[in-house]
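Morning, everyone. Please bring up the model on your screens, and I'll walk you through it.

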Amino acid sequence: MILKKTIPKEFYKLFRTRNMDAYMMFLVSIYDENNEVYTALGLTTEDGQAIIGEVISRMQIEWMEDSEETAEPAENTAFGAPGTPSAILNTLIRWGWIKSDYDEQLNTYILSFPEYSQLYVELFKKLQSDDDSRERESILSIYSALFTYQADQEKNNDILKSALVTSKNLETLLSNMQNGMRAYFDVLSRSKNFIEIQKVLVDEINNSDSEKYAILTTTDSFYRYKESVKELISQILNQHDQKKPEFLRVLHQCENNSPEYARAKKALQYSDEAVELIYKIERQFDLIERKYNKLVEQKAVFAKRALARIHYIFQEGATEEDSVFRLIRLIEKHSNPGMVLDALREKIRFTAPFKRFDDNSIYKRHNSSDTLFQPLAVERTTERNTTEITDFVPKPRYTKKELRAFCDRNVKDGVFQTTPDTVQSVEDLEKMLFLWQEVTGKQPKQDFVQLGRELQNKNGFTFSELCIAIEEAFDDEIYG
């Protein structure tokens with residue numbers, strides 16, 4: 001049964017009440033204590049009430065009246081006034097966050113958490129605690145998973161699935177760190193004095209993203225495991241390429257309904273699934289490399305901008321209003337400004353009026369020992385059109401026989417036409433793109449090539465509907 005359908009309709013009242021934060025703390029405290037309790041059955045209702053009372057006293061929670069609780073039936077007031085531990089526990093039970101079951105041996109009620117409630121309470125616990133890189137999304141984890149898979153005799157694909165999930169989590173982590181860095185850029189640009197810049201720098205150094213960045217650049221350095229990960233990927237792919245002909249040979253030698261045939265077919269499918277996972281990990285790894293390099297670049301740019309902002313403030317002065325102007329305005333508002341100026345003159349003796357630039361400043365001769373400005377020589381580079389679509393088309397090395405077999409499977413009435421069942425693997429997708437590239441790149445007229453709607457099959461591959469007239473598009477060099 002779908003877990004969402006088991007949630008009672010009053011479950012979400014917790015998110016509408018004014019005491020939502022307090023309820024979250026009560027649930028986390030009871031959940032943690034229930035996991036650490038030594039008894040086999042769990043906490044009793046008396047234990048739950050004691051935990052709630054202890055949290056109220058320790059956090060000094062002030063209970064607020066709320067319409068979600070005052071609108072409850074009158075029989076629920078038998079557990080005490082709103083805000084008491086017994087009433088709070090009964091509300092959580094009635095809303096479905098906690099389950100209360102009667103135990104005949106102990107002659108009391110035992111508390112437990114339904115499965116759907118555990119998911120939310122785990123989330124509340126993470127939201128209330130410091131972010132400490134919970135699942136250790138790192139290059140080291142990806143390297144360890146690939147190394148374990150290579151050494152595993154059974155070649156368990158679940159290891160590769162775990163590595164793929166970790167790589168996606170790491171890519172998401174790097175994206176969040178980039179977004180956080182851009183937010184600090186905005187705060188830095190609005191800083192008006194040195195104190196504000198110092199606060200921005202301290203906040204950026206002490207946040208959780210900077211701690212993760214320090215791990216990624218030291219003990220879990222990307223460049224430390226970069227080549228090792230690529231080498232492991234290459235070795236795993238070579239191992240599967242060597243085993244695939246053996247599986248195919250067994251399939252041809254065995255009968256269709258024999259146990260040996262079934263085992264060989266399942267092993268071949270298992271191997272193809274592993275190769276597909278490896279390709280996805282490799283693509284994800286390339287994306288991680290680009291985002292990692294961009295993040296390192298952003299860190300350096302952030303430091304340079306902070307230094308430039310400090311130099312600007314020191315040279316131009318604070319952007320706030322000058323205190324001299326404020327003093328002049330205060331003197332003008334006085335009933336007798338002359339008396340105030342005379343008293344000020346007696347207190348402060350000026351030898352000369354203050355000037356930021358004197359009469360001789362502009363006419364001072366520059367020091368000839370200063371280095372002269374030397375413009376850099378412009379390097380002429382040949383322009384290259386980077387928008388060619390062929391740059392993004394893979395060029396795998398397939399034999400004519402393999403391409404002809406792939407083409408024959410999808411030809412009907414002299415027309416090569418793709419269907420949702422055309423692409424069953426990454427190799428089929430590359431073969432289709434290779435045929436399309438060869439046709440569109442060598443023929444001056446492309447009326448025989450048509451692109452249709454977008455197709456998607458059950459394996460998760462998404463591609464465009466492609467129609468090619470075989471007799472007009474393919475010559476003997478490509479096909480036949």
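Start with contacts in the protein between residues at least 6 apart in sequence: 69% of them join residues at least 24 apart. Keep in mind that this is a predicted model.

Now the overall make-up. The secondary structure comes to 16 helices and 6 strands. The protein has 480 residues, and 34% of them count as buried. The accessible surface is about 32900 Å². Carbon and sulfur atoms hold 52% of that surface.

Next, the empty space. Rolling a probe the size of a water molecule over the atoms shows where such space is left. Here the largest pocket has a volume of about 1100 Å³. It is lined by 29 residues. Which of them are the closest to its centre? They are Lys244, Asp272, Ser425, Glu427 and Asp428.

Helix 11 supplies the largest share, with 9 residues. Sorted by class, the lining has 13 charged residues, 10 nonpolar and 6 polar.

On to the charges. Side chains of opposite charge can pair when their charged atoms come close. How many salt bridges does the count come to? The answer is 11.

Begin in helix 10. There, arginine 249 forms a salt bridge with glutamate 246. The closest N and O atoms are 2.2 Å apart. The two residues are 3 apart in helix 10, so about one helical turn separates them. Both ends are partly exposed: arginine 249 has a relative accessible area of 37%, and glutamate 246 is at 38%.

Now move to helix 11. Lysine 280 pairs with glutamate 276 in a salt bridge. In this pair, the closest N and O atoms are 3.8 Å apart. These residues sit 4 apart in helix 11, so again about one helical turn lies between them. Lysine 280 is partly exposed, at 37% relative accessibility.

Is arginine 409 buried or exposed? Arginine 409 is exposed, because its relative accessible area is 54% and the cut-off is over 50%. Aspartate 428 is buried, because its 11% falls under the 20% limit. And here is the return I promised: Asp428 is also among the residues closest to the centre of the largest pocket.

One last stop, at the backbone. Where is glutamine 60 found? Glutamine 60 lies in the loop between helix 2, residues 45–59, and helix 3, residues 67–70. Its phi is near 55°. That is a positive value in a residue other than glycine. Glutamine 60 counts as exposed, at 67% relative accessibility.

To recap, take away two things. Thanks, everyone.

Conventions
Residues numbered from 1 in each chain as written. Predicted model: local features only at pLDDT ≥ 70, side-chain atom pairs only at ≥ 80, totals over all residues. Heavy atoms only, no water. 1 Å grid on protein atoms, 1.4 Å probe; cavity = no way out; pocket = protein on both sides within 12 Å on 5 of 7 lines; lining within 4 Å. Points joined across faces, edges and corners; volume = space filled by probe spheres on them. Nonpolar A, V, L, I, M, F, W, Y, C, P; charged D, E, K, R; others polar. Salt bridge = Lys/Arg side-chain N within 4 Å of Asp/Glu carboxyl O. Buried < 20%, exposed > 50% of the residue type's maximum accessible area, 1.4 Å probe, protein only. Contact = heavy atoms within 4.5 Å. Areas by Shrake-Rupley, 256 points an atom, 1.4 Å probe, with all protein chains shown as cover.
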